[in-house]
Every structure is written in C-alpha cells, then in structure tokens.
Amino acid sequence: VGCDNSIQQPEKDSSLFDKGLFNEALESTAEAQATYITKANEYLANNSFDEFDIILSKINDASTKQQLVEEKIKSLTNIQNKYLLSSIGIIIEDDNSTDYESIHIVAITQDGKVLLSNAENTKIEGDSVERKAIDNPDGSEGILVTQTRALSYIGEWNNVVSIETQDSYILGLTTEGTALTAGSDLDGANAIDPFMGSESVWYNEVRNNKKLIASISAGNSHSLAVTTDNAVLTCGFQFPFNAYPDKYEWDKIPVSAFDWKDIIAVAAGLDHSIGLKTDGTAVSCGGNYSKQGNVGSWTNIVSVKAGNSFTVGLRYDGTIVFTGNNLNFKEDAIAVDFNTWKDIIRIEAGLKIIAGIKNDGTVLLTGDGSDKFEDVKSWTNIVDIAVTEEGIVGLKSDGTLISTFDNQEEIENWTDIMIK
C-alpha cells in the first residue's frame with residue numbers, strides 16, 4: 001500500500017513581480033518585509049490563498065510566518081467545514097440494477113430523521129453478525145467481522161446530521177458524534193455500529209477513547225471517519241491493485257489505522273483512501289495504478305471525493321483538480337478536462353461519474369455514462385447531490401428533491417430536507 005504525502009510548493013506569480021511586490025535586491029529590507037506581511041494579511045482577509053502562499057515564501061521571520069500559517073489554516077478550515085456533511089444518498093441493493101425494488105433514496109429531514117424511499121420493498125432484512133477466518137498480509141490468520149442490519153432500521157435513527165451511501169449500505173453521523181449503519185457489506189465496511197458492541201471498531205473508539213466522529217465516508221469495501229481530534233478511523237478492506245502486462249491481481253488486506261494527522265475530511269474509493277488536511281493539502285493510501293493517489297501537489301483544497309480509480313478535489317476558488325481515470329480500469333481511458341469548470345461550490349462522485357454544483361445552482365457532469373443524464377443539465381437551485389451510475393438525486397434550495405430515477409414519485413412529496 002503506497003502513500004503520497006509530498007507537497008509541491010506554489011510557483012512565483014510573475015504578476016506580483018510586475019506589481020513591485022518582489023524585488024530580489026530589496027526583499028530582505030525591513031520595508032519590504034513589512035509590505036509582504038501587510039499583503040499576506042490582505043490576501044487572508046479575502047481568502048486569496050494562492051497569492052498568500054507566494055507572499056508567505058518571501059517573509060523571513062519564522063515566528064511571523066508561523067502565525068500567518070495558523071491564520072490561514074483557520075480560514076481554510078472554516079470553508080472546509082461547509083463540505084463535511086451531506087443530506088441525501090442512494091442505496092442500490094443489487095449492483096448495476098435499475099429495478100425499482102432495488103433502489104432506495106435516503107434523505108435527512110430538518111428534525112434529524114432519515115427518510116427511505118420504496119421502504120416496503122427492501123430486501124436486506126434482519127440483524128446478524130458474521131465472522132470468518134481470513135489470511136492477513138503477514139501470513140497470520142485473522143477474523144473478518146461483517147454485519148447486516150435491516151434497512152428498515154433507518155426509520156429508527158434520530159439526531160442524524162450526515163449520511164453517506166455506497167452500494168447496499170448507508171452510514172449515518174449523529175449530533176452526539178457517533179456513527180450508525182444499515183444494509184450489508186461483505187467486506188466489513190459497515191462493521192461500525194453500536195449494535196455490534198465490542199466488535200464495532202468505531203464504537204470502541206467513541207466509548208473507550210472518548211473520541212467523537214466529525215465526518216464519514218463510505219467506500220466500496222471500506223469506510224473512513226474523521227474524529228474531532230483530526231485523526232482517522234477505518235473499517236473494512238482495501239484492495240491494493242497490481243497491474244501486470246497480461247493480468248490483474250488483487251490482494252485483499254485490512255484497512256489499518258492510518259497515522260495521518262491534521263485531517264478534516266476523508267474520501268473512500270474502491271481501493272484507495274484520500275485524506276484532506278486542515279492546511280488544504282491532501283494525502284493518499286491504497287491503489288495507485290491509475291495515479292488516483294497522486295494528490296501530493298494539491299494545495300488549498302476544501303473538499304475531496306473518490307471514485308473507482310480517480311480522485312477529484314475542489315479548490316477554494318471554485319476550480320477543480322483531478323487525478324486518475326474515470327473509465328473503470330479501461331486502458332483507453334481519456335483525460336478529463338476540468339478547465340471549463342468554474343464557480344463550483346460542491347462536488348460529488350460516483351464510481352465513474354463526477355458532478356459539480358455551480359454557484360448559480362446548476363449542475364455539471366462528466367464521466368463514463370454521464371451522457372445518459374442530460375436532464376440534470378436543466379436542473380436549477382441545487383445545493384446538494386448524490387451520484388450513482390444508475391441515477392442521480394438533487395437537493396433543491398427549498399428543501400425538496402429532484403431525481404433521474406423512474407418510479408420514485410414518492411420523493412416528490414418530501415419536504416423540509418436538511419440543507420447544509
């Protein structure tokens with residue numbers, strides 16, 4: 001499992017030289033240093049973080065530099081916090097199925113309850129915990145614990161502030177800083193519920209180590225959470241992917257507790273994990289066969305999302321950074337051009353599709369299969385979005401939902417959905 005923790009420093013902006021802010025002969029003088037400090041504070045006040053980074057590199061006093069960096073992190077964190085929570089999701093009980101009975105839309109109401117569409121047709125029923133022997137990477141024998149909780153259990157949830165869905169399971173985050181789950185995942189990605197008692201990894205952290213969960217992410221075979229002390233909790237498996245000239249080989253290994261620090265958000269992909277740091281940089285672990293983990297050069301990021309074999313980031317200025325490919329291991333994968341994506345206020349990713357909400361409430365889409373959702377381009381007043389290859393759901397600014405799914409008329413009557 002590889003990790004990318006390198007950080008690329010910003011290049012000098014020639015326009016700043018033109019403005020007389022940089023002068024190699026004078027930059028160390030007291031007057032020049034005072035100018036740099038003044039400009040750095042101005043850029044911080046305007047959230048102009050790229051320009052701030054350039055000016056910061058010219059300031060000599062270490063103490064002043066540190067104070068400015070701390071102020072920048074506070075400003076960035078305030079923005080990043082806006083993207084930690086989500087109010088809507090999509091559960092697909094049968095992969096790649098468009099069957100009405102297999103599709104469930106979920107949404108949080110203003111009072112912290114969670115609505116489940118098509119509830120009378122849920123196939124995941126009953127509560128069970130299964131344990132099976134597995135081979136650990138070091139050759140020792142381990143135990144994989146998986147759980148199934150009936151989707152109807154969602155109706156009992158209270159005080160929910162965020163939900164994350166992936167395939168046939170859902171994670172919920174409560175105001176108390178605990179995590180809930182329903183559905184089923186054979187790789188143990190949802191083995192985090194208090195229902196499991198001592199075998200629930202996250203529950204033990206909350207109960208025994210007094211940690212509160214601040215954000216969550218549901219991946220294909222593993223789940224991630226960030227605690228209020230900016231550490232990361234994990235559950236399930238990653239599948240490091242080794243590509244050979246004539247074959248693909250998979251090696252299932254447990255997701256270990258990362259040693260990442262200062263994390264504010266996470267994104268769980270198919271076999272890779274992304275951590276967003278409070279300083280706007282990103283780190284990665286897991287598969288990197290499509291370069292989906294090459295995030296070490298990213299700066300001033302406010303949100304990250306992960307798909308099958310790609311990672312996408314939203315920068316503070318509403319532009320997009322991207323690495324990997326969105327065509328699900330196809331060797332003829334094409335580069336995704338985000339140069340035309342501007343004024344983006346929120347991003348979301350399915351396994352192969354990426355959505356961006358613009359500041360005018362319209363939606364941009366790209367990715368393998370996104371062309372079948374042309375109607376989404378006409379949506380307006382969208383503030384949140386959930387994306388799968390089977391369909392897309394949007395939350396409007398009036399607290400109602402819109403969807404590309406057929407036979408989901410009941411959500412048209414849902415109102416007062418929680419807006420983040």
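**Close-up views: strands, a helix and salt bridges**

**View 1. Strand β17 and its burial.** Strand β17 (residues 272-277) has five of its six residues buried, so the rest of the structure largely encloses this strand. Here "buried" means under 20% relative accessible area, "exposed" means over 50%, and "partly exposed" is anything in between (1.4 Å probe, protein chains only). Strands are DSSP runs of E with at least two residues, helices are runs of H or I with at least four, and both are numbered from the N terminus. Keep in mind that this is a predicted model: local features need pLDDT of at least 70, side-chain atom pairs count only at pLDDT 80 or more, and totals for chains, interfaces and linings use all residues. Residues are numbered from 1 along each chain as its sequence is written, and side-chain values use heavy atoms, with hydrogens and water left out.

**View 2. The partners of β17.** Two strands count as paired if DSSP finds at least two bridges between them. Strand β16 (residues 263-268) pairs with β17 in the antiparallel sense over five bridges, and a hairpin of three residues joins β16 to β17. Look for V266, which sits opposite G275 in β17. Strand β18 (residues 282-286) also runs antiparallel to β17, again with five bridges, and here S273 faces C285 in β18. Four residues lie between the strands in the hairpin of β17 and β18, where G280 takes a positive phi near 90°.

**View 3. Helix α3.** Six of the eight residues of helix α3 (residues 49-56) are buried, leaving the helix mostly covered. Those buried residues are F49, F52, D53, I54, I55 and L56.

**View 4. Salt bridges across the chain.** The structure holds nine salt bridges, each defined as a side-chain nitrogen of Lys or Arg within 4 Å of a carboxyl oxygen of Asp or Glu. One of them joins K305 and E348, with the closest N and O atoms 3.5 Å apart. This pair links distant parts of the chain, 43 residues apart: K305 is in strand β19 (residues 301-306) and E348 in strand β22 (residues 344-349). Both K305 and E348 are buried. R346 bridges to D384 at 3.0 Å between the closest N and O atoms. That pair also links distant parts of the chain, with R346 in β22 and D384 in strand β25 (residues 382-387), 38 residues apart. R346 is buried at a relative accessible area of 9%, and D384 is buried at 3%.

**View 5. A salt-bridge network.** Salt bridges with shared partners join D50, R315 and D317 into one network. Between D317 and R315, the closest N and O atoms of the salt bridge are 3.4 Å apart. D317 counts as partly exposed because its relative accessibility is 35%, whereas R315, at 11%, counts as buried.
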